[in-house]
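I wrote down what I looked up, in the order in which I looked.

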Amino acid sequence: MILALPFIVAIGLAALVIYPMLSAGDEASASLPVDVTPAADLKRRRMVVYENLRDLDFEYQAKKIAPKDYESLRETYKAEAARLMVASQELDHGTAEDRFIEREVAARRAALRSKVEKQYVCGKCGFENPVPVKFCGECGSPLSKGNDK
Amino acid sequence: MRCKRLLPELIILVLTGVTGVTFGARSKVSLDQVGNQVFCQCGCVTTLNRCPHQIWQCESRAEITTIILIDIKQGKSDPDILHDLTARFGVQVLAAPPARGFDLAAWILPGVGLAIGLVVVILIVLRMRRPSPPEPPGQSPVDPKIIAAVEEEMNRTVPLTK
Amino acid sequence: MNQFGSVGLIAALAFAAYGVVAGVVGGKFRSLKITRSAERAALSFLVMITLSVIALEYLIYTNDFHNAYVATHSNRDLSVYYKFAVMWGGQEGSLLFWTWLLSIYVALVVLLNRRKNRQLMPYAIAFAMGVGVFFSALTFFVANPFQGLSLSSASGMAPFFPPDGNGLSPSLQYPSMLIHPVMLYLGLVGMTIPFAFGMSALATRQLGDNWIRVTRRWMMVPWMFLGAGILLGGHWAYNVLGWGGYWAWDPVENASLMPWLAGTAFLHSVMIQEKRGMLKVWNVSLVTLTFFLAVVGDFLTRTGIVQSVHAFAQSNIGPYFALFLGIVAVVSISLILLRLDFLKSENRLDSVTSRESGFLFNNWILLALVFAVLWGTVFPIISKAVESRTVTVGPPFFDKVAVPMGLMLLLLTGVGPLLAWRKTSFESLKRNFAIPLAIAGAIGIVLLLAGVRSLYSWMSLFLGAFVAACVLGEFYKGARTRQRSVGEGFFPALYNLSARNTRRYGGYVVHLGIVLIFVGFAGLAFKVHAKSVMEPGDLMQAGDYLFRCDTMNAGDTPNYTYVDAALAVVKDGKAFAEVKPERRFYKASQQPISHVAIHRTLASDVYVVLAGRDPGTGKAVIEVFINPLVVWVWIGGIVMVLGTLIALVPSRVEREMAQMRQAQAEALEERNAL
């Protein structure tokens with residue numbers, strides 16, 4: 001008699017497990033939200049640098065760090081934050097993340113084919129077009145033969 | 001390279017670890033002392049001192065103890081007693097393998113592991129210390145406007161006192 | 001009830017297997033519904049294993065000796081509390097217990113991440129459930145606790161069932177044995193979760209520090225349990241085994257120490273990735289190694305491949321474990337290699353004298369120690385294979401090899417936190433180390449004058465003083481700085497300081513705990529041991545203490561018979577304590593065991609064992625140990641747990657960042673909705 005219990009529980013649970021698979025509508029086709037967008041990641045990294053800076057200030061005030069160290073470390077951290085901010089701004093200017101991803105992809109591909117001559121560099125703005133194009137992807141000016149270097 | 005300051009201490013530690021040197025007067029050989037260096041053979045898989053059985057219950061403990069006590073009475077030294085015990089029970093009676101032959105590996109490898117680890121750490125440090133690739137031109141002198149923005153943002157987020 | 005439990009197990013196995021598939025598919029296609037389904041499978045896994053656990057407990061508590069496991073590991077007169085311990089008293093039950101704890105961990109992960117870390121979750125479930133498949137399959141097919149006892153009487157008549165069981169091993173019938181195995185298992189099993197997240201980060205290519213931040217607490221919690229479990233094990237050995245010590249470098253002890261050391265290394269090196277975006281490959285490898293060592297530990301212990309004092313039923317599960325370990329190794333190593341491209345460092349190391357390299361050296365010694373311990377533990381097997389003769393690798397080996405490394409670690413415990421990130425100039429070093437070194441030097445000289453001649457003890461105390469001065473200095477300087485800049489009182493400043501960065505200051509408290517433990521270790525060199533045969537009226541001297549045997553008694557209980565002896569302890573001519581060591585003889589298992597009498601003070605323990613009665617004279621064999629400073633090992637353990645708990649509290653900065661993430665996520669959702 002009692003033996004029926006685990007069977008019933010197992011079947012009930014199996015139904016619950018399968019249920020989401022059968023659902024229709026918006027839920028059915030929804031994909032998992034992104035945990036960390038490139039923009040959020042850049043911002044968070046900047047926050048980490050700020051936190052490091054605050055720690056540095058604190059340790060300096062606690063007299064743990066010599067003035068000379070403090071100055072140079074502060075500059076390094078600030079430069080790091082500035083780089084990250086520039087990256088964030090660039091990201092915002094473009095069509096949000098897509099632009100960033102494009103650049104990343106371009107950089108990767110460029111690194112992969114570093115030996116291949118830079119054929120599609122725009123003569124006007126200097127943008128290295130990652131794929132063979134007739135018009136520059138950055139400024140839109142036509143890439144004539146004369147532009148090729 | 002300021003870590004040189006720590007080096008002598010490290011060396012002392014490693015040396016003492018390898019040779020097992022201890023400061024102070026060497027005490028007389030005692031049953032307790034030898035009992036920590038041999039394993040009881042009754043199947044308890046532990047040293048003579050830690051064998052859970054009493055002498056009258058445990059033939060192995062009784063026999064080993066007798067040999068040790070007789071040897072101590074004869075004024076034998078620590079290694080001699082261990083030698084006698086090895087002759088009687090084989091090398092497995094020793095709580096640590098002798099440092100010769102293949103068993104030397106038991107003693108050497110931890111040191112080798114430590115050394116290899118050190119080399120790896122040094123290699124990692126050297127590799128990671130290589131200067132980063134030069135930044136793209138036009139970017140390295142950071143725009144003062146950006147620096148100002150950075151400082152502004154930093155002050156806007158959690159202040160030190162919070 | 002046997003079938004009840006088995007059905008629960010096989011259903012759990014099915015849910016786990018489904019969880020693996022659904023997790024991988026859901027992760028691959030980033031599908032919400034498939035991931036939901038995988039999450040529900042993980043929760044169902046918990047429910048079914050829990051049913052099995054209930055079934056086994058029911059069998060134990062109803063004294064159902066038709067069940068082979070209950071008949072072998074329990075008996076009628078076992079007290080209610082220890083009946084619960086029967087669950088992990090033998091191979092089959094402890095495997096079920098292990099699986100159950102795993103299912104609890106996984107369910108917690110699922111429940112706590114319903115909205116967070118959506119991309120990481122499906123693969124994390126898949127990997128954790130993969131481990132679940134292995135353990136539930138092993139429990140069901142190979143070491144099933146739900147087997148009937150198939151004894152037939154000699155005459156071939158009706159099957160015979162025993163009226164009583166063989167009883168729980170008497171050494172397990174001790175209060176801390178109710179907690180120690182649970183803690184140890186919570187520690188070892190818990191290492192699965194950081195491993196699953198690490199692998200998931202590789203699978204999803206999300207190799208920033210997101211997975212590290214997610215994993216950190218999932219590592220800290222089992223790490224704390226494992227550390228507490230190891231110390232409780234030592235506490236148990238000290239109180240029960242009667243040889244006056246708490247650590248014997250037994251293979252089983254080593255097996256629990258290794259993952260703890262690797263986990264310690266991980267908890268330190270993750271900080272480099274969080275702060276500086278470096279060591280990504282290393283951290284994934286380290287989390288894998290920690291999990292691997294946890295399973296290796298389980299493997300060594302359960303299969304009896306190395307000889308140990310710990311009595312575990314040996315069985316044929318070895319090859320399955322070997323296969324599982326092989327799969328774990330192949331999968332994790334190939335995933336790491338596949339993703340090497342994504343694991344590039346974001347930053348460079350600025351200087352050799354920096355916090356970063358401090359952590360690197362800490363990792364170096366911790367892992368060298370893991371290697372040394374592993375090597376010593378398996379050397380007898382290697383030697384047998386190569387030389388075909390048995391050697392023993394015991395305490396003298398490990399003491400010589402591990403103690404110097406332990407002292408180096410202790411040194412780094414103090415030095416590391418005082419090195420600044422990126423670089424530390426000589427000038428800064430001087431500022432930070434002058435006072436701690438002066439304090440430690442003074443204490444070192446005092447110790448020498450006081451007659452501390454053992455090098456290791458002296459180093460432990462000297463370095464301990466150094467580390468304590470460093471750590472307390474950190475608290476003091478931090479609080480003073482806040483006092484100046486914020487205008488708080490000293491103690492509010494101390495509190496706010498720790499609340500602002502719980503992890504750092506909790507970590508410092510853990511370091512203080514380590515110092516206290518090393519103080520306890522230092523006492524080992526001053527141990528005094530004496531042994532004598534006594535009857536009422538007899539005297540014995542040990543160190544500064546005089547023992548007088550007053551009375552001897554014998555008695556009987558349903559579960560065991562006992563003898564005890566009452567002794568008066570006199571120190572400096574004054575009555576110091578009364579102790580009453582006892583020796584029990586358990587009826588069901590036909591085994592004797594000593595109950596040690598310990599009089600504890602902060603300075604030293606008076607440890608008295610009634611080893612038995614001399615067969616000739618009937619007198620009591622009394623063994624006495626004077627163990628200085630032992631109490632500090634346990635106090636240090638408690639401090640470590642407290643420190644870890646502090647570190648687990650979210651800091652103010654963290655909460656702020658979490659709010660920021662939340663806001664961003666909401667903004668993103670709104671934008672997507674438009």
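Entry one: a charged pair in chain A. I found that the side chains of Arg54(A) and Glu51(A) form a salt bridge, 3.1 Å from N to O. The term stands for a side-chain nitrogen of Lys or Arg within 4 Å of a carboxyl oxygen of Asp or Glu. Both residues belong to helix H3 (residues 38-61) of chain A and sit three residues apart, about one turn of the helix. Helices here are DSSP runs of H or I with at least four residues, strands are E runs of at least two, and numbering starts at the N terminus. I also noted a general point: an α-helix has 3.6 residues a turn, so residues three or four places apart point the same way.

I must record that this is a predicted model, in which local features need pLDDT of at least 70 and side-chain atom pairs count only at pLDDT 80 or more, while totals for chains, interfaces and linings use all residues. Residues are numbered from 1 along each chain as its sequence is written, chains are lettered from A and ligands numbered from 1 in the order in which they are written, and side-chain values use heavy atoms, with hydrogens and water left out.

Are Arg54(A) and Glu51(A) buried or exposed? Arg54(A) is buried at 7% relative accessible area, and Glu51(A) is buried at 9%. Buried means under 20% relative accessible area, exposed means over 50%, and partly exposed is in between, with a 1.4 Å probe and protein chains only.

Entry two: charged pairs in chain C. Arg36(C) and Glu39(C) are joined by a salt bridge of 3.3 Å, N to O. They are three residues apart in helix H2 (residues 32-61) of chain C, which means a separation of about one helical turn. Arg36(C) is partly exposed at 27%, whereas Glu39(C) is buried at 5%.

I then looked up Glu488(C) and Arg482(C), whose salt bridge is 3.0 Å, N to O. Glu488(C) is buried at 18%, and Arg482(C) is buried at 3%. Salt bridges with shared partners also link Glu51(A), Arg54(A) and Arg500(C) into one network. Over all chains, my search of the whole structure gave 24 salt bridges.

Entry three: nonpolar cores. A core is a set of buried Ala, Val, Leu, Ile, Met, Phe, Trp, Tyr and Cys residues joined through side-chain atoms within 4.5 Å. How many residues does the largest one have? It has 245, and Leu85(B), Phe197(C), Trp211(C) and Trp260(C) have the most contacts inside it. Apart from it lies another core of 21 residues, including Val569(C) and Ile626(C). Leaving out residues up to four places away in sequence, I listed what Leu85(B) touches (contact means heavy atoms within 4.5 Å); among them are Val34(B), Ile64(B) and Val93(B).

Entry four: helix H8 (residues 192-204) of chain C. H8(C) is mostly covered, with 13 of its 13 residues buried. Arg205(C) follows H8(C) and has a positive phi, near 60 degrees.
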